[in-house]
Amino acid sequence: MRKIFCFILISFAIANTTNAQAPSIGRAYGKVTDSLGQPMSQATAIVLKSVVSDTVTKKKKLVLLKGRDTKTNGEFNFEDLPVGTPLVLRVSSSGRSAER
């Protein structure tokens with residue numbers, strides 16, 4: 001089984017707003033290719049956020065923020081992501097192992 005190689009360029013931009021409590025907005029985009037460098041269309045890319053699920057034990061779990069299939073050229077784009085929060089990007093495709 002070939003591994004999925006995901007070249008990710010993550011760019012975060014700070015929203016320029018007059019309201020000091022407005023959240024900053026981030027963006028993650030990239031291109032999914034196979035081990036031969038060929039774009040992988042219809043791979044699934046998801047963005048997960050780690051949150052505390054139990055306040056007593058401080059256990060964390062991953063919660064889905066956004067998900068989408070890649071375009072025919074293997075590209076994906078996520079906008080309106082929280083800035084300053086650790087996020088996890090997972091990419092998978094039918095018949096292949098998931099990569100982080």
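**Ground rules.** I worked with a predicted model, in which local features need pLDDT of at least 70 and side-chain atom pairs count only at pLDDT 80 or more, while totals for chains, interfaces and linings use all residues. Residues are numbered from 1 along each chain as its sequence is written, and side-chain values use heavy atoms, with hydrogens and water left out.

**Whole chain.** I looked up the secondary structure and found 0 helices and 6 strands, where helices (H or I, at least four residues) and strands (E, at least two) are DSSP runs numbered from the N terminus. Of the 100 residues, 20% count as buried (under 20% relative accessible area, with exposed over 50% and partly exposed in between, using a 1.4 Å probe and protein chains only). For contacts (heavy atoms within 4.5 Å) between residues at least 6 apart in sequence, I noted that 60% join residues at least 24 apart.

**Positive phi.** I recorded that most residues other than glycine have a negative phi. Glutamine 42, not a glycine, has a positive phi of about 60 degrees; it sits in the loop between β2 (25-33) and β3 (44-54) and is exposed at 63% relative accessible area. Aspartate 80 also has a positive phi, near 60 degrees, but its place is in strand β5, where it counts as exposed at 54% relative accessibility.

**Valine 83.** I placed valine 83 in the loop between β5 (75-82) and β6 (87-92) and found it partly exposed, at 34%. Valine 83 and isoleucine 25 are 58 residues apart in sequence, yet 6.0 Å apart in space, C-alpha to C-alpha.
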